[in-house]
Amino acid sequence: MDQSTRRTVTFDDNLISNRPIHTSNLTFRLSNDQREKEIATIPHLQDTATNSDQTNITTQDLNNLLSGEEYIPGGFSNLDQELEEELMNDFDDDFDDQITRRSRYISSIRSSDPTINVTRSPIELWQRARILIAIHLYKLQNKIPNLHNDISMTVDSSLKKTTNSTDKSNYLGKLFEEKENTEERKMIFGLSILKQFLLDSSQQYQYIDFYDIEQGYIIMCNITVQPPNIAIDQKTNSKLLVYSMNKKLLNDSCTVEFDCPFQFNFMICIPIFRLILGFMNIKKQQSLMILIGDASRKSIFLSKQEISDTIYSILYIHEVSMLFIGCMGRVFLYNTQPLQFISQPLFISELTQLPFHSTEPIIHICQIGIYRSIGILSNRYFILWQYVPTEKLLLKFCNPYRYDFIRCHYISKYDYIVFAFIDGFVLIYQLNQMKQIRRYQYHWKMITDLKNNQNILLSSSLDHRINIWNLESLQHIYQYNTNEEIFQIDIIHENLFYYRTLQNIVIFKLNLHTLLFSMTKSKVLALKLFTDIQKIARVTVILEDYSCILISPVSGCCLTYVPNTAKKPIKQILHDISRSSIYSLQFNGEIILYHTYNNPCVAQYKIQTKSEQYAITCMTLINPMRTHLFSLNATQISTEKSLGKQAIFFGHANGYISLFQGDSLIMEPILAHKNSIVCLETSRASMDTSNISFTNSEVLLSCGTDRIIYIWDLTINKSDESIQLIHIITIEQEKNISFEPIKFLSMIDNFLVANYSDQNFLHIWQLLNISLQTNTYNQWGIVEHPTKGSYHHGQIQGKNLFLFLSLTFCKAISATSKLKLFASSDTEGSIKIWDNTNSLLREIYLDKTLGAIEFLSLNGELIIAYQNNIHLILPENYLINDKKFKTKQEVIMHSIAEDIRLEINQPLIIPYQSLPIFNYNIKTHHIKKRLERFERQLSGRYAVIESDSSQSDNEDLQSSNTDRLSIISDDPNWSELAEDVKDILRMKKYEVRHQHK
């Protein structure tokens, strides 16, 4: 419900909210005699005026009050009239001058309009004067400083002290400028805590409410106090705490404490009347409605009214002067117009036609303004009851879920009614048709509150979590763990919120700069974007169970699922879009090849090396059309070579690099390192024409356990038209030397970035072509840029998070050809954006659920694994101003498209143990065309005899009969084929036969 009218105190004469409340459209059953009787009590009460110094009552007075049967109505008798008259005189001149100035301003802009004389009633003038008195009393009596004056005095004094010391002021100015630049780089995404109020261990918050007084916010808190030397079962004391906050400086706050022995179950602040209306259950089927003053009256007791039932819920609608009280199976209606005269609300009636049982509590009441109705909720039923223009029952809705209702909330913008349950379940219905449209299970304990602001819905629960949904897309977008049970949540103003626990009130704001891109509902370990020649792209997502999904980079939809057939940890995933294949590398060096035609994907066969020294340690793919192979000279020599599909390279434990898949492209294995290769990557070139060859062609990067980085170019051997890897540059550490293996390696144009396992920062090298000056070939200058900015506080995410996983913790690619960016994330939940000079541009703080990150496009769109889903950060939400300008000026010719060839068929599931095994022999792989023959055998066409035992990778290793049972037989006859191949062919034939039935 919208409580802004009740909670906001304004001083504008033109606002209707400050005028007397007229309810001519309401049909209260209140006779004239009753009204005269109520008004007649006001002068009578003046004879029993209390002393102004007696602002609180003692415990004995409270006991007498609770046991007394007399009715003590409110009124002006409890106020110090002399004090108020004196304050009225003080404000009289200012009040008149303010009205005069506004009248002149209105007449100046509407000189042609006729003048309308407005005559205000005495009650209206007194009502407006009370507002001014409340502000003044609160500042004067409770000694609240004027924050603006204090700031101006501090500035003036500081200027006087530094008048004769220009050097000192310049020094301080530089310090402030550096601090400002540091703070400018920081961005907090998600929930940001602005202010926190904390009680000690002997105190607890009972109930709180707040209101707005133009310059700040007032939070009224009813707390219980349990002294250490008093037994728990004895009666505890109670107080009223008042927190005041300045709107511009929330950290500058003031706390005032009053003795208030009432332990309210519910409490409503009505600042326009300077009142607090509290409700407390004193015994079974007996409650009190208590009227006390607010902070300006030091919470003095005014009156009480007895209610002969237990109160479970309340709803106060200020606009129509109505108060609804939910009890055991009943709802009472009160008229709150007497609150203008500091008198108790008047009982009107008990709502009729309610289907609740006498033992069924009314646990919640919400306002449904569009229908001029209220929603009444019990554990079993939701009732829509109209109060204007006629009192009648509109709707009765039975609980459709197996657990009880606990909360309901209406969202007028979308006509949604939200139901919360005791087990944390949430249902959203369209109220007009009462049709269910969404269901959520993001809490696992009882939900305590529901609130909405603009296009978001907030929920709090005893499971310590705050969940946030987008009401436009009806998707869950954010979750925050407070590590405490949450009992209340509310919206103070626009993007300012608070939540209450037993001993904490936390003021926070939401910076929801991320967009939900894809729902995974699981922890994500790695993200990587793959593209092919036709600009078709896929994002591979490795989940916590080492399964993988392919998602569209355009829509974020899940396209297909890759199961973890081997049920083993995965070291790396490679997606060859041109052949619709996925390579899944395990830590034992075995690769499982999947085809993406099906959903889930089908495992085709396993790739193994017989010798451990040739074990596969890493892999990469490169597009031949983006290398020097596509140059003019190369195409003339190798016109028959196929460059239309991507080439797959493997790195081995003995330092070799081999070409596994390249269609007609062949390559002799090359000994690249003296020891095992730990990282094999492909550079990313902007394909811009320049004198630096790295900008218009892509190369291979390799790094071994010796921490030396090599850069390789692809060329054609003119003698046999095979491709070769030509070593170009060697890069070794010179600064901040690490003795641990490399964890991340990437290259953008002529900028190389690396990260080592024991370091929390990046190494960035720039390659300069000095052959233009020396007229020599392959002369390169290497410049390492020092880190300019703060390091990561936590460990940079990467291989060491899951057994040296070689998938990158964060991808660093160029945003445009002129905007080269690197991104890194750590275990503390922060992302750092660096430029090509290793300067820190932006720090983004999220939470520890942050996983992998990846740039999605050249314009800087960033996807992140965050809170068990994948979110998108747009470049305008994190790039600094000059980078934003460059992205707007740059014409980005980069597109990612859906693959229209993707077909989803019924999958043929093959057990891991039954998968055929392809023994990868790097020496004879291309000479014998073993892979082509193997795949033709799997297709069921024919079997090919081959024998290459004399050229195995390990000459000392003898193949046994047991090994030959798990490979393709050399005999073309069916009877001598391996049993695993027979099983595959049988299943395929069975599937084809039954599809045509």
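This report walks through the fold, the aromatic pairs, the cysteines and some local backbone details of the chain shown above.

The model is predicted: local features need pLDDT of at least 70, side-chain atom pairs count only at pLDDT 80 or more, and totals for chains, interfaces and linings use all residues. Residues are numbered from 1 along each chain as its sequence is written, and side-chain values use heavy atoms, with hydrogens and water left out.

## The chain as a whole

Let's start with the overall picture. The chain holds 13 helices and 57 strands; helices (H or I, at least four residues) and strands (E, at least two) are DSSP runs, numbered from the N terminus. Of its 997 residues, 54% count as buried. Buried means under 20% relative accessible area, exposed means over 50%, and partly exposed lies in between (1.4 Å probe, protein chains only). The chain exposes about 45900 Å², and carbon and sulfur atoms supply 50% of that area. Accessible areas come from the Shrake-Rupley method with a 1.4 Å probe; for residues, only the protein chains shown count as cover. Taking contacts between residues at least 6 apart in sequence, 55% join residues at least 24 apart, where contact means heavy atoms within 4.5 Å.

In the model, residues 440-479 are 0% helix and 62% strand, with the end C-alpha atoms 13 Å apart.

## Aromatic pairs

The count comes to 35 aromatic pairs. Rings of Phe, Tyr and Trp (its six-membered ring) pair if their centres lie within 6.5 Å; planes under 30 degrees apart count as stacked, over 60 as edge-to-face and the rest as tilted. F324 lies in strand β12 (residues 322-326) and Y387 in the loop between β17 (381-386) and β18 (392-398), so the pair ties together parts that are 63 residues apart in sequence. Both F324 and Y387 are buried.

F421 and F425 also form a tilted pair, at 6.1 Å centre to centre with 50° between the planes. F421 is buried at 0% relative accessibility, and F425 is buried at 6%. F421 and F425 belong to one aromatic cluster whose other members are F382, F397, Y401, Y403, F405, F419 and Y429.

## A strand residue and a helix face

I729 sits in strand β46 (residues 723-731) and, at 5% relative accessibility, counts as buried. Leaving aside residues up to four places away in sequence, I729 touches F694, I709, Y710, I711, L767, W780 and I782. I729 and Y710 are 19 residues apart in sequence, yet 5.9 Å apart in space, C-alpha to C-alpha.

In helix α11 (residues 930-938), the buried residues are R930, L931, F934, Q937 and L938. Seen down the axis of α11, these buried residues fall within an arc of 125°, so they line one face of the helix. The arc is that of the directions from the helix axis to the C-beta atoms.

## Cysteines

How many disulfides are there? The count comes to 0, a disulfide being a pair of cysteine sulfur atoms within 2.5 Å. Two cysteines show why:

| Cysteine | Closest cysteine sulfur | Distance |
|---|---|---|
| C557 | C558 | 8.7 Å, too far for a bond |
| C703 | C679 | 6.7 Å, too far for a bond |

C557 is partly exposed at 43% relative accessibility, whereas C703 is buried at 0%.

## Backbone details

Most residues other than glycine have a negative phi, and most peptide bonds are trans. The following places are worth a look on that account.

The peptide bond from V388 to P389 is cis, with omega near 0°, and P389 lies in the loop between β17 and β18. Another cis peptide bond joins N599 and P600, with omega about 5°; P600 is in the loop between β37 (591-595) and β38 (602-608).

E494, which is not a glycine, has a positive phi of about 45° and is found in the loop between β27 (488-493) and β28 (496-500). Q867, also not a glycine, has a positive phi of about 55°. Q867 is in the loop between β55 (862-866) and β56 (869-873), and at 12% relative accessibility Q867 counts as buried.
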